[in-house]
Amino acid sequence: MNRSIKHVTVLGSGVMGSRIACHFAGVGVQVLLLDIVPKEVGADAKPAERNKIVNDALATALKSNPSPVYTKSVAKRISTGNFTDNMKDIAKSDWIIEVVVERLDIKQQVYEQVEKYRRPGTLITTNTSGIPIHLLNQGRSDDFKAHFCGTHFFNPPRYLRLLEIIPTPETQPQIVDFLLHYGDVVLGKTTVLCKDTPAFIANRVGVFGIMAIFNSMAKLGLSIDEVDALTGPLIGRPKSATFRTADVVGIDTLVKVAKGVAENCPNDEAQATFAIPAWLDAMVANNWLGDKTQQGFFKKTKAADGSKEILTLNLATLEYQARTKPKFATVEAAKPIDDLHKRLKALCAGTDKAGDFYRQFHYALFSYISFRIPEISDELYRLDDAMMAGFGWEIGAFESWDTLGIANTVEKMQAAGFAVAPWVTEMLAAGITSFYTVQNGKTLYYDVPTKQYKALPGGDSFVILKNYSSNIVWKNSNAALYDIGDGVVGLQWNTKMNSIGSEVLEAVNKSIQIAETNHKGLVIANDGANFSAGANVGMIFMFAIEQEYDELDMAVRMFQNTMMRVRYSGVPVVVAPHGLCLGGGCEMNLHADKIVAAAETYIGLVELGIGVIPGGGGTKEFVLRASDELHEDEPETVTLKKRFFDIATAKVATSGFEGFEMGILRKGFDEVALNQGRRIAMAKQSVLDLHNAGYVQPIQRTDIKVLGRSALGALYAGINGMWQANYATEHDKKVAQKLAYVMCGGDLSEPTLVSEQYLLDLEREAFLSLCGERKTLERIQAVLKTGRPIRN
């Protein structure tokens, strides 16, 4: 369809409306955000008074943390107004999104006003989470109905990738296709086609899962702390687990969805599961609704010593008590297992109360999802997509069932009294034993209506490296190089936080060597939660504490040489980061021929957080770029100072777009993938484009202008000022001075042109000298103890 979206109107500026407006602005669209006029304001009042509700809501959204926008500058794309004065302005919009209060009568009143001004052919959608879509368009014109659809964003829209698309029988098929495509490519969403059934897909399955947990905990005598310990990252779910998630979402919202399903789905075989427990009714009556009322399942208080303390609700007494740290033998045995699929098997095989819980929970979930086909979706993969994108599950429910073995699990489920839908037993009887399979690197799903495997839609646009496990070209214990087709190889590694140690560096060098011999180029990426939290600081600590400085010098040289190999290889090397990309991970990106970053990439040089400077070529690269950015019409120190302070303050770009503003990504060359799942395929295409354009190995630079003493004095003065004002410790001062010395090219009497190797040598010397500092070792030890990445 030849349709473009240049202007969007969002009707309603509440928590969802304001943040949906921010997300559209973030992807480059002009937005008009409207809301009601305050009741007490007259018709002759100034626009600022009449627009107070919408302006306050937008200001609150923009100040919120985490930020709803990729960069602060996008706020200028949002204009505001009110329904009374500015509804006429929707005529210029290509898409109108209604996000007003969840009342059918109010929404229909808004649509009546919309019809007066909306251009024919303009998209009109609703963000309702519970009202049947087909009821909303009653009484509207044929053109309105043809272009009307449900578009259910999840909060916060920037970070939760799910966008449910819910058409009515009157919605034109091409409108549905457009929304699915636009949501995916432009908005960066996992777009899921839903049927117009209560709670759609994600909330229907997600709330069932929570209510099933409530039932299981009652049967097994589990506490809130025990359940949250069992249902978080250990099973591939968010840290907020079950009860913390409920507090964030809102306990009233949870109850509303559960009651809605119970009342509107009389044929749901699990209807009794949605019954509200007495203690949950009591919490709503007490207005204990979670974060919005400062207490729910958890409550923040101050301890006797003044420190903050989080208390947990005892569901039996409805009194708050100190939190506990439960331990289960099954959990302790499974924790060391890194692979989630293997860990799930171990957890469900447990013989203690935890094992009983995992079996009950999964059996109930598997039973429920089997009966939702075809009620809420004809395709099973849509349920998995919805739960992963909307609830933050690492793997979907059907994929989990595959992991535990369908046939074996069905037998145990039936023995335990859990039914499965007939289509599952028919599938097994036909000899099909998994819901998903992989062929030629592409994921296929079992299609229930046709009883055969089909390729996931858009498969060519999504490269999943683990799907090429049959095409491994080379590997070591931490990394693997895959042939991902068309003459391109892809490297990924699997270490804790994807940190970069000797085996990863070996893999990078070997991969480039192989690519230069037999392939067109190399993509460096991974399927994990983060690209890389940086270099292996444990190795640095070990060498430094044992004063093995020759070994440490060799390790730093190897890191620098590997980064230079990335830059100066005979084939294009494209890196596709996402999530955390810190320290050494950032340095690898700085040396790539091209970066294709996910929008949600948090990238920066954070080494000063542990008391050293970037030692893998990052400092050198910032000096090189500062030199290239020099302009005749401004002081020479301007660009260098900016680069210096970005490193000195361990500044991290909070999105791929902010990476451009920091100069880590290069405007006009590097790219940002709004949909994280597309970035590896985009990186692969970039390799092919560079190869087909006649890629030539670059030549090492010898023309980098460093400023010597002329800039060094100014930087030292700034550092001393920060120290004297108590913004920096004595150790911070020493590290910053070392950084300044390197970035100025040393104590040179005048500006000089130097080589990359000259700067690398200075960088390495400074890094090694700081590794012997007691404060540096203490900071490294703290990082190792907490297991958290270095951050600013």
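This section describes the nonpolar cores, a helix contact, the strand pairings and selected backbone features of a predicted model. Residues are numbered from 1 along each chain as its sequence is written, and side-chain values use heavy atoms, with hydrogens and water left out. Because the model is predicted, local features need pLDDT of at least 70 and side-chain atom pairs count only at pLDDT 80 or more, whereas totals for chains, interfaces and linings use all residues.

The largest nonpolar core comprises 110 residues. A nonpolar core is here a set of buried Ala, Val, Leu, Ile, Met, Phe, Trp, Tyr and Cys residues joined through side-chain atoms within 4.5 Å; buried means under 20% relative accessible area, exposed over 50% and partly exposed in between, with a 1.4 Å probe and protein chains only. Phe214, Phe297, Tyr358, Phe398, Trp401 and Trp423 have the most contacts inside this core. Helix H9 (residues 202-220) supplies its largest share, eleven residues. Helices (H or I, at least four residues) and strands (E, at least two) are DSSP runs numbered from the N terminus. Another core, of 85 residues, lies apart from the largest one and includes Leu481, Ala515, Leu707 and Val742.

Helix H16 (residues 353-371) packs against helix H19 (residues 406-415) at an angle of about 100°, the axes being 10 Å apart. Axes are lines fitted to C-alpha atoms, for helices over the stretch in contact, and angles run from 0 to 180 degrees between N-to-C directions. H16 and H19 are therefore roughly perpendicular, a class that covers 65 to 115 degrees, with angles under 35 degrees roughly parallel, over 145 roughly antiparallel and the rest oblique. H16 contributes Tyr363, Phe366 and Ser367 to the contact, and H19 contributes Thr409, Lys412 and Met413; contact means heavy atoms within 4.5 Å.

Strands S9, S10 and S11 form an open sheet in that order, with antiparallel pairing. Two strands pair if DSSP finds at least two bridges between them. S9 (298-302) and S11 are the edge strands, each pairing on one side only, and the twist averages 45° from one strand to the next. S9 and S10 are joined by five bridges, and Thr301 stands opposite Glu309 in S10. S10 (residues 308-314) and S11 (residues 319-322) pair over four bridges, with Leu313 partnered by Tyr320 in S11. The two strands form a hairpin with four residues between them, and Leu318 in the turn has a positive phi of about 55°.

Strands S13 (residues 442-447) and S14 (residues 452-455) also pair in the antiparallel sense, over four bridges. The bridge partner of Leu444 in S14 is Ala455. Four residues lie between the strands of this hairpin, where Lys451 takes a positive phi near 60°.

Cis peptide bonds join Asn65 to Pro66, with omega about 5°, and Asn155 to Pro156, with omega about 0°. Pro66 is placed in the loop between helix H3 (52-63) and strand S3 (78-82), and Pro156 in the loop between strands S6 (148-153) and S7 (162-167).

Phe200, although not a glycine, has a positive phi of about 60°. Phe200 is located in the loop between strand S8 (190-193) and H9 and counts as buried because its relative accessibility is 1%. Asn726, likewise not a glycine, has a positive phi of about 65°. Asn726 lies in the loop between helices H29 (709-724) and H30 (730-743) and is exposed, with a relative accessible area of 68%.
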